[in-house]
Structures are given as structure tokens and as C-alpha cells.
Number of protein chains: 4
Amino acid sequence: MPTWEAPVRYAEVDQQGVVFNAHYLTYCDEAMGAFCVELGLREFAARVMLVTSALTWSGSARWGDTVHVDAVSARLGTSSVQMTFDVSTGRGRCCRVETTYVYVGDGDRPLPLPAEVRAALTTEAGAYLAE
Amino acid sequence: MPTWEAPVRYAEVDQQGVVFNAHYLTYCDEAMGAFCVELGLREFAARVMLVTSALTWSGSARWGDTVHVDAVSARLGTSSVQMTFDVSTGRGRCCRVETTYVYVGDGDRPLPLPAEVRAALTTEAGAYLAE
Amino acid sequence: MPTWEAPVRYAEVDQQGVVFNAHYLTYCDEAMGAFCVELGLREFAARVMLVTSALTWSGSARWGDTVHVDAVSARLGTSSVQMTFDVSTGRGRCCRVETTYVYVGDGDRPLPLPAEVRAALTTEAGAYLAE
Amino acid sequence: MPTWEAPVRYAEVDQQGVVFNAHYLTYCDEAMGAFCVELGLREFAARVMLVTSALTWSGSARWGDTVHVDAVSARLGTSSVQMTFDVSTGRGRCCRVETTYVYVGDGDRPLPLPAEVRAALTTEAGAYLAE
């Protein structure tokens, strides 16, 4: 079961007939939100900022496709979380996105990850590795 | 003089008060278009697809800012072009984006870069390095 | 059961904390697509253009809300279809949108509605009125 | 001289090759911002909400076009401002948008228009009618 999925919107497709590249970051943002909700960390998702995000495409999503995003937390730093997002359609994976978030609370400066966030993400990573 | 610039749009700013991350790819897409127009390669910009794009943020753009994007072509492959985009506001650079495009013509498979594209990009890189 | 629904995306909310106005047209576009799919008219949705669209807001959607859109076809012309879309959240309706589409086929000029489209829309309207 | 103008962005054009309808509201939002800046009312633009917006299309904008928006304030109510926006390209007007805003200050309830806003808008309307 993917972390998040949605039909491609008509407005997301450009005149080449494929989803415009920027929308992949929006998909991953929603997947991050869903991932955090699953872990009971809904507010956390609105209190992080991106530091780096690297997208690698191996295909395209098109109108009529449903995009699925699998989110996995890969590594925790003092104030950062590394995530991997796999974006796929019925034809297979079309984009992998590796993103580093930093926790900023209500401000715009890095803060240490709250203990409950660290605990939830560590448990999730353990469950994932055990699968 | 930046390759492309535009005031931040109100719709681009999220409830944290900063430009939502996906819009940086849109800015770079426009800068790539402007860069190609400058080199007389306007059609080329609509005939490439992204393979990889890596964004690194060091700041935020906000409503009221004008974003400036400097585009430089870094390296040419058989069918690919590597570009570096520096996105800045009046407070300095807020994001660097390194993107690899492949030329696909009217289809969705990599094709060798047309000779006039290669010539124009090589000249541009030479001019840039000579500055 | 609404014609279409989706959680509000973080990127859709502006710094006032509400969904930016333009996204309501995107929601209605998706609802029109879903409405056409329900009637077996999927291709039709990509072959119409808007002539008029009038939006009236009575509230706001926010991050955390799911938006629901009910689509009803109100009236048929020679080449046009009038639709009413009610956009709501758990707090009730927040926007009504009345839109007139014209059928343009693969071009950009009005064409008479295809017979099967007219039949399907007339049946739908009848079913709706009979509810 | 239009109130606001910008080249059509590639991401704004859909697979029909025309600007997707929702972006017209974004263009008008930016024109409203520019209109308010011209009148010395920059903050005002971020403290209004839309009540109604009616769009009528008579053409399309395409990639390669520059869209121009002329904004005119048509009528003032106690807490509302009616605006007319004409969106055009080099081929002429493609959309007229009539929008009613209400002033909400920092909240989400209508408030009387501040005196300086009323004065500036009344003067603008006078100047416009006198042209």
C-alpha cells in the first residue's frame, strides 16, 4: 500500500502530455504529510523545511494515470530527516526523490528533532527494515 | 543580469510565509526557456525532458521578493545538457539547482543533440568561462 | 456521494491559511472529469473549453480539510453544457461554481455536442431531477 | 500600459496547448497586487478575500504569448471593492474577469474599507473615468 496516491490532474500535464516536473515535489510533499499522519506526527509535517531534494526520473506520468508515492525515512540527524520517495504509475516507477528536511518549529532555524518525532521515526525505520 | 527574474506570486507562498518548494523547479524551467531563447534555441527548450534535478536551499523567497535565476550550462553529453541554476533574492542566493536534461525531439526517447544546439551551448560555455 | 473529493494540499494554501482562489477552478476541472467518466464520456472532458465560469465563495477550505465537489449538469445548448459545482468541506459549502463549457473536439472552435454526449447528459439530468 | 504583464509559463499550458483556466485567476490576483501597489495600498492586497469572480473567455493564451492584465476598480461598497480585469495577449483580449473582494484585515470577517483605501480607490476611479 503506497503512502499516498492520487489521480494525475489535468492541470498538471503540460503540452508534451506528461506531468510537469515541479508537480513531483508537490506529490512528495503530500506523501510526507501522509507519512507523518500515519506516525501520529501531523503537525511535524508543517514545521519542517527542505534543505536538499534530488529527483531522478526514469519515466513519465500522464493524464489518466494514478500516481503512487512510497515514503521511507532513511536517516535521522540532529535536526534533520532524510526521506526517500518512490513515485510510480501502473507502468512502474517514474521518479525517485531523496529529500532532507530540517525541523524548524514555528521559526526558520534548525531545531533538534523533538523526542517523540525521533522515537516515531526510529520505530518506523525499524519496522520497515524488519519487513 | 540574471537569465530570468520575476516577482514572487502570492499564490506561490505557503502558510509558512515562504515560496513552496515545487515552484523553484518552475522558476528554473522558465530560466531554461529564457536561456535557450538568448541562444536562439527556443524550440529546444520544449523538446527536452528532465533526467535529474538536485535542489539545495540556503534560504527562502517570500512575498514581496523578486526572484532572479542565473542559468549556466555546465556540461554536454551525447544527448544531455547539464545546467546549473542559481536562484536568489535581494538577500542573496536561496537555492542552487543542478539539472540534467535530455533531448527527446518530438518523442520521449533520448536523441543526439542537434549540431546547432551543441554549437550554441559550447559557445555559451566558452563565453562564460572567459568572463 | 460527491462527484470528486480530495484532501487539501499543503501547496494550495496561501499565507492567509486558506486555499488560494484559483485552485477552486482546478477542483471543478477534476470534478468535471470525474463526472464525465461516470457517464462514460471520459474523452469529452478533454475536448471542451470554458466560456464562462462564475465562482461565489461563502467560506474557505483549509489545510486538513477534504474538499468535496458535487457536479450537476444544468442545461444543454447546441454545443454547450452548463454545469453547477458545489465545493464543500466538513463545515459546509464554501464555493459554488457555475460554468459553461463548449465542445471543441480536437480544435478550438465550437462543434455540436455529439449525440452520445447529449444522450448521456440528458439521462443524467433526468436521473438527478427524479431523485 | 497594462497594470501587470508576464510571459506565459510553460507549466501553465495544458495538453490542449492553451493556458489552463485556473491560471487566469492567478494572473488577476497578481494584477490586483500591482494595482494596489500603484495606489500605495500594498498591504491591502493581502487583506482581502474573494466573494465572487466571474470569468468570460473569448480566446486563449498560449506558450510564447505575454499576458497583459488591465485592472480597473468599478465600484465600492461598505467593505467591498468590485474590480474588472481584462486579460489579453498580442492577439487581443482573451478573458474578462469581474471580481468582488471584501476587506477582512487580519481575520476572515468583512470589515469597513479603511478610509485611506476608500480615498485612493475613489481617486483612481475618478482619474480613470476622466481619461
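This is a chat about how the chains of a predicted model meet.

Q: What kind of model is it, and how are things numbered?
A: It is a predicted model, where local features need pLDDT of at least 70, side-chain atom pairs count only at pLDDT 80 or more, and totals for chains, interfaces and linings use all residues. Residues are numbered from 1 along each chain as its sequence is written, chains are lettered from A and ligands numbered from 1 in the order in which they are written, and side-chain values use heavy atoms, with hydrogens and water left out.

Q: How many residues does each side put into the contact of chain A and chain B?
A: Chain A gives 23 residues and chain B gives 23 residues. Contact here means heavy atoms within 4.5 Å.

Q: And how much area is buried there?
A: About 1,800 Å² between chain A and chain B, with 55% of it from carbon and sulfur atoms. Buried area is the accessible area (1.4 Å probe) that two parts lose on being put together, summed over both.

Q: Which residues of chain A lose the most?
A: A:Gln16, A:Leu25 and A:Trp57, which together make up 25% of what that side buries.

Q: Which element gives the most to the side of chain A that touches chain B?
A: β2(A), with 10 residues. Helices (H or I, at least four residues) and strands (E, at least two) are DSSP runs, numbered from the N terminus.

Q: How does β2(A) join strand β2 of chain B?
A: Five bridges join β2(A) to β2 (residues 48-57) of chain B, and the two run antiparallel. Two strands pair if DSSP finds at least two bridges between them. A:Leu55 has B:Ser53 as its bridge partner in β2(B).

Q: Switching to chain C and chain D: what rotation superposes them?
A: A rotation of 180° with 0.0 Å of shift along its axis puts chain C on chain D, with RMSD 0.0 Å. That is the relation of a two-fold axis. In chain C, C:Ala54 has the C-alpha nearest the axis, 2.0 Å from it. Copies are superposed by least squares on the C-alpha atoms of residues with pLDDT of at least 70 in both.

Q: Why do the copies meet through the same surface?
A: Because 100% of the interface residues of chain C are also interface residues in chain D.

Q: What is the bridge partner of C:Leu55 in β2(D)?
A: D:Ser53. β2(C) and β2 (residues 48-57) of chain D pair in the antiparallel sense over five bridges.

Q: Back to salt bridges: how many over all chains?
A: The count is 24 salt bridges over all chains. One of them is between the side chains of B:Arg9 and D:Glu12, at 2.8 Å, N to O. B:Arg9 lies in the loop between β1 (4-7) and α1 (22-38) of chain B and D:Glu12 in the loop between β1 (4-7) and α1 (22-38) of chain D, so the pair joins two chains.

Key
Salt bridge = Lys/Arg side-chain N within 4 Å of Asp/Glu carboxyl O.
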